[in-house]
Amino acid sequence: MTTVNTYLTFPGQCEEAFNFYKAAFGGEFTYIGRFGEMPPGEDGSGCPPAEADKIMHVSLPIGNSVLMGSDSSEAFGQVTVMGNNFSVSINTDSKENADRLFDALSAGGQVTMPMEKTFWGAYFGMFTDKFQINWMVNFDEVPMK
């Protein structure tokens, strides 16, 4: 089944914001990871120490949806622009469906990360569509626990 959720990006306050949302909605984070937990890139570069404690990804289930978020990291080429700091996140039930939706929705837009396998066990990509809406497409090849 394909699901659609909201993904928020913050310029360094993601943990504070998500603790605020958790207090309001209740529940527990199903995942919280920091940039410092990322493995080194192919060139051997790792996360700069100043970025290590920033939130790479957090998930908070709310009813039948999931509110997700992260901090932006200028070290990785991400700059948060308030008012444009959200994405529509699509989770699909197959790699083929992920490719189909990615190709259809990114047509005429700008791909910022092509669909590819990630270190966290997902097949994932990002783009801005021709209407300037940010999207993330995800298929969990290794289901999250």
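**Note on the predicted chain**

1. Start with the fold order. From one end of the sequence to the other, the chain runs β-α-β-β-β-β-α-β-β-β. Its radius of gyration is 15 Å, close to the 15 Å that the globule rule gives for 145 residues, so the chain is as compact as a globular protein of that length. In total there are two helices and eight strands.

2. The mean pLDDT of the chain is 87. A score of at least 70 is reached by 92% of the residues. Among the elements, strand E5 (residues 86-91) has the lowest mean pLDDT, at 89. Strand E6 (residues 110-117) has the highest, at 95.

3. Next, the overall dimensions. The C-alpha trace spans about 40 × 35 × 30 Å along its principal axes. The accessible surface of the chain is about 8500 Å². Carbon and sulfur atoms account for 55% of that surface.

4. How much of the chain is buried? Buried residues are 39% of the 145. Contacts tell a further part of the story. Take those between residues at least 6 apart in sequence: 53% of them join residues at least 24 apart.

5. Charge deserves a look. The chain carries 18 negative side chains and 8 positive ones. The centres of these two sets lie 5 Å apart.

6. Is Ala-17 buried or exposed? Its relative accessible area is 11%, and the cut-off for buried is under 20%, so Ala-17 counts as buried. Gly-69 lies 52 residues away from Ala-17 along the chain. Their C-alpha atoms are separated by 9.3 Å.

7. Ala-23 belongs to helix H1 too. Which class does Ala-23 fall into, buried or exposed? Its relative accessibility is 68%, and exposed means over 50%, so Ala-23 counts as exposed. Lys-95 is 72 residues from Ala-23 along the chain. The C-alpha atoms of Ala-23 and Lys-95 are separated by 35 Å.

8. Ala-17 is buried, whereas Ala-23 is exposed.

Definitions and conventions:
Residues numbered from 1 in each chain as written. Predicted model: local features only at pLDDT ≥ 70, side-chain atom pairs only at ≥ 80, totals over all residues. Heavy atoms only, no water. Helix = DSSP H or I, 4+ residues; strand = E, 2+ residues; numbered from the N terminus. Rg over C-alpha atoms; globule rule 2.2 N^0.38 Å. Buried < 20%, exposed > 50% of the residue type's maximum accessible area, 1.4 Å probe, protein only. Contact = heavy atoms within 4.5 Å. Areas by Shrake-Rupley, 256 points an atom, 1.4 Å probe, with all protein chains shown as cover. Lys, Arg positive; Asp, Glu negative; His and termini not counted. Charge placed at Lys NZ, Arg CZ, Asp CG, Glu CD. pLDDT = per-residue confidence, 0-100.
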